[in-house]
Amino acid sequence: METIKVIKIGGNVVDNPEALTRFISDFVRIPGKKILIHGGGKEATRMSAKLDIPTTMIEGRRVTTRETLDVVTMVYAGLVNKRIVSMLQAAGCNAIGLTGADADAIRATRRPAKPVDYGFVGDIAPEGVNSQLIASLLKAGLTPVYCAITHDGAGTLLNCNADTIASSVAVGAARIAPAELIFCFEQPGVMKNIERPDSLIPLITPDIYADLRESGVVNKGMIPKIDNAFKAIDNGVSSVTIKHSDALTTDRGTVIRK
């Protein structure tokens, strides 16, 4: 099979109708097999606030109580996923929206409560992604659109970081064909100074990453993104890039490499 591009869009893109429309237009023009993973955390946070459900984040990861799980399932698997799928259909891309529970697409195990209790949050083993499902959907001419809800195989839904979903799906795709992973969000890539567009870091290796974390340049939500980029490379994904959603069809961005 030809190379599969696994592309993840962040919550700030999902939350911005104009940015999302531009992204969808670029996404459908990418030739070949492709998979889309989306976030939606900002929408979930806003919905939680309306329902007076507190939001707690630890190092960029959401703590998922039982109440929060209900909210993120409604928002990620329902509102956001179906909005994106409908936009893709309108643009001529035959997409299918998925949670991890659909066709046993992704299984996860609940993360242990120690050292940090994240609640109903799942960890995905390499074998947790249904690679044959990916192959079948792509062969049928469908574009899978994954949200960040998985399941444990015993009737419990679990919330996962969308970057983790993207990394895991890319690893699953790499078992059937060469796979590339692209993280798209609202910045040009990993920046030394978020206020300076010219401070893009073009390349991050493990040593560079350690220095960036120690200095505080990389923090919060960027930490799981880069962690998952290295995890994907370690498990067979050919390349990982972090870039602006408007630069999807360009070479600009931050390349993650061992």
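Analyst: A disulfide is a pair of cysteine sulfur atoms within 2.5 Å. By this rule the count here is zero. The model is predicted: local features need pLDDT of at least 70, side-chain atom pairs count only at pLDDT 80 or more, and totals for chains, interfaces and linings use all residues. Residues are numbered from 1 along each chain as its sequence is written, and side-chain values use heavy atoms, with hydrogens and water left out.

User: How many residues does helix α2 have, and what should they span?

Analyst: Helices (H or I, at least four residues) and strands (E, at least two) are DSSP runs, numbered from the N terminus. The expected span of a helix is 1.5 Å times one less than its number of residues. Helix α2 (residues 17-29) has 13 residues, so it should span 18 Å; its end C-alpha atoms are 19 Å apart, which agrees.

User: Which residues of α2 are buried, and what do they pack against?

Analyst: The buried ones are A19, L20, F23, I24, D26 and F27. Contact means heavy atoms within 4.5 Å. The partners of these buried residues include β1 (4-9), β2 (33-38) and α4 (66-90).

User: Is E43 buried or exposed, and what is it in contact with?

Analyst: E43 sits in helix α3 (residues 41-50). At 13% relative accessibility, E43 counts as buried. Leaving aside neighbours within four places in sequence, its contacts are D15, V75, L79, V80 and R83.

User: How do I read empty space?

Analyst: Rolling a probe the size of a water molecule over the atoms shows where empty space is left. On a 1 Å grid over the protein atoms alone, a cavity is a set of points where a 1.4 Å probe fits but cannot get out; a pocket is an open set with protein on both sides within 12 Å along at least five of seven lines; lining residues have an atom within 4 Å of a point. Grid points are joined across faces, edges and corners, and a volume is the space filled by probe spheres set on the points. The count is one cavity of 30 Å³ or more. The largest cavity holds about 70 Å³.

User: Which helix gives the most to the lining of the largest cavity?

Analyst: Helix α6 (residues 162-174) does, with three residues. The lining includes I124, P126, S167 and K231.

Conventions: Buried means under 20% relative accessible area, exposed over 50%, partly exposed in between (1.4 Å probe, protein chains only).
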